[in-house]
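Subject: Structure handover

Hi,

Here is the structure I promised to pass on. Please open it first, then read my notes below with it on screen.

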Amino acid sequence: MPAPIRYVQDSVHFPDSADVVVIGAGIAGAAATYELAKRGVKVVLLEKGLVGGEQSSRNWGWCRQQNRDERELPLIIYALRRWGELAQESGEDLGFRRTGLVYATRDQSEINDWDRWGKMAKSYGVRSDILNAEQAKAMTPGSSTDWRGGVSSPDDGYAEPSLAAPGLALAAQRLGAQLFQQCAVRGLDIAAGRVSGVWTERGLIKTSSVLCAGGAWTSLFCRRHGIALPLGNVIGTACRTAPITQVITQPMYTPGFACRPRQDGSYTVSVSGRGRLAPGIQALRYARQFYPTFKARRKHLSLCFGLSPFFNGPETWARWQFDGLSPFEKIRILDPQPDMAMVYEGIAAMQREYPALAGLRLVQAWGGMIDSTPDAIPVISSVPALPGLVISAGFSAHGFGIGPGAGRLAADIVLNDDPVVDPTPFRYTRLVDGSDLNAPGMM
Ligand SMILES: Cc1cc2nc3c(=O)[nH]c(=O)nc-3n(C[C@H](O)[C@H](O)[C@H](O)COP(=O)(O)OP(=O)(O)OC[C@H]3O[C@@H](n4cnc5c(N)ncnc54)[C@H](O)[C@@H]3O)c2cc1C
């Protein structure tokens, strides 16, 4: 079942040319479109389904620096600042609130990890306060567990996934960007070895610059053009409760559940770090690159087998021409089944922890297909083999919070402007040139 989402209207006149075409209207594509439009660029945003209809409306909404890999810190620091600015300048409610986040645990090794991370993050100016048992209790009023400790990151917060990508797409339209939904891009038009346009289901748009922000579909899109992009797709699950007394007022992680208060008095609930892997052609093709990450994370992953990934969806082995139906049109909105056992487990853990939430009622659960890279760091980068193509994908389950930063960096790269942060950690080539990728940091 799709997560709640604000609806955005399409533009009217379908163009035959543009300065830049952005593929995919999740948070990465919508934020980049906004930044490009703001700089006066003639930009067209194309979405095969609905703005924000895939991962960007299905996530928990956490916008956090806490526990980020060091390679992402400069970009997330910028992104958090940008969330605050966008709330003002875009004229749209993106649901951003700088509430702080709190993590609580009875496990000393988790506290040690947070402590180590906090010392590293401090050198970037990030605030992360280790909590002793009393402080953890005080930060989680009404909870039953006697925590051993926790961590609080007061400068983090959340935004509203049902509002953020749609709000940015609307704001971009007001700045002159054009948006078309139900309009899949089937492939790139290439002339003299560089991008010269995009083939859409509504015809050709001529352009010399394409930003592909297609989330879980990006690897398939690239494969059609002979570009290897190692992405592994993992299904995450979350749910929404009915409104109830908001005893938890900021995003909270415990070993049993993770939750975020929603503006209507309900909660988004999940179980931290869990995902399901449905092996398909991509998983097989890039198994060697993913093996170290899989080994490190396998206790959090369950496997679900079925033949469908091979025939439909982002892992299909289908081939297609640009004048006929493509895999992107066959599934307008990727809507994987949620893991209901995990949903009930998370709700029950929350009720046990907070007696005041005994009456907590589940309203809706959903799955979301997460695109991960082998080092869990996104690709925000040009592709040397195909001038004119820039990729922004592989956000590895933490791309919502960093979205406004990713949008800005992608716009800088597309326009060849000075990048807002050093783009080196996000370069495409690291995934294919044998670079040592390092183990993924905390996520
Ligand atoms: C359960 C869950 C919880 C999460 N929690 C968090 C969190 O708390 N904080 C956080 O930071 N991140 C979180 N994430 C991750 C976050 O949601 C993603 O990293 C982020 O939304 C990715 O944004 P995106 O724009 O790259 O991809 P998407 O939102 O998936 O958007 C890609 C879009 O491209 C479109 N598209 C693809 N191919 C084509 C084509 N050929 N033509 C036209 N359109 C195309 C798709 O239809 C889609 O709308 C979570 C994810 C899940 C599933």
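Start with strand S13, residues 232-241. Nine of its 10 residues are buried. A residue is buried if 20 or more other C-beta atoms lie within 10 Å of its own, exposed if 12 or fewer, and partly exposed in between, with C-beta atoms placed from the backbone. Helices (H or I, at least four residues) and strands (E, at least two) are DSSP runs, numbered from the N terminus.

Two notes before you go on. This is a predicted model: local features need pLDDT of at least 70, side-chain atom pairs count only at pLDDT 80 or more, and totals for chains, interfaces and linings use all residues. Residues are numbered from 1 along each chain as its sequence is written.

Which strands does S13 pair with? Two strands pair if DSSP finds at least two bridges between them. S13 pairs with strand S19 (residues 362-372) over 10 bridges, in the antiparallel sense. There, Val234 stands opposite Ile370. S13 also runs antiparallel to strand S17 (residues 275-277), with two bridges. Val234 has Leu277 as its bridge partner in S17. Strand S16 (residues 267-270) is joined to S13 by two bridges, again antiparallel. In S16, Thr268 stands opposite Arg240.

Now the ligand. It has 41 residues around it, and Gly24, Gly26, Gly215, Gly368 and Gly399 come nearest. Here a residue is near a molecule or strand if its C-beta atom, placed from the backbone, lies within 6 Å of it. Helix H1 (27-38), helix H2 (55-58), S13 and S19 each give two or more residues to this shell. By class, the shell has 20 nonpolar, 17 polar and four charged residues. Ala, Val, Leu, Ile, Met, Phe, Trp, Tyr, Cys and Pro count as nonpolar, Asp, Glu, Lys and Arg as charged, and the others, Gly among them, as polar.

Next, the domains. Domain 1 covers 20-100 + 155-431, and domain 2 covers 101-142 + 149-154. These bounds come from an automatic or database domain assignment. The domain centres, taken over C-alpha atoms, are 27 Å apart. Domain 1 gives 20 residues to the contact and domain 2 gives 19 residues. Two residues are in contact if their C-beta atoms, placed from the backbone, lie within 7 Å. On the domain 1 side, helix H3 (73-89) and strand S14 (252-253) each supply at least two residues. That side has 10 nonpolar, six polar and four charged residues.

What of the whole protein? There are 13 helices and 21 strands. The radius of gyration is 21 Å, close to the 22 Å that the globule rule gives for 443 residues, so the protein is as compact as a globular protein of that length. The radius is taken over C-alpha atoms, and the rule is 2.2 Å times the number of residues to the power 0.38. The C-alpha trace spans about 65 × 45 × 40 Å along its principal axes. Buried residues make up 53% of the 443.

Last, two alanines. Ala192 has a phi near 50°, a positive value in a residue other than glycine. Ala192 lies in the loop between strand S9 (185-191) and strand S10 (194-200). Is Ala192 buried or exposed? Ala192 is exposed, because 6 other C-beta atoms lie within 10 Å. Ala376 is not a glycine, yet has a positive phi of about 60°. Its loop runs between S19 and strand S20 (379-382). Ala376 counts as buried, because it has 23 C-beta neighbours inside 10 Å.

Best wishes
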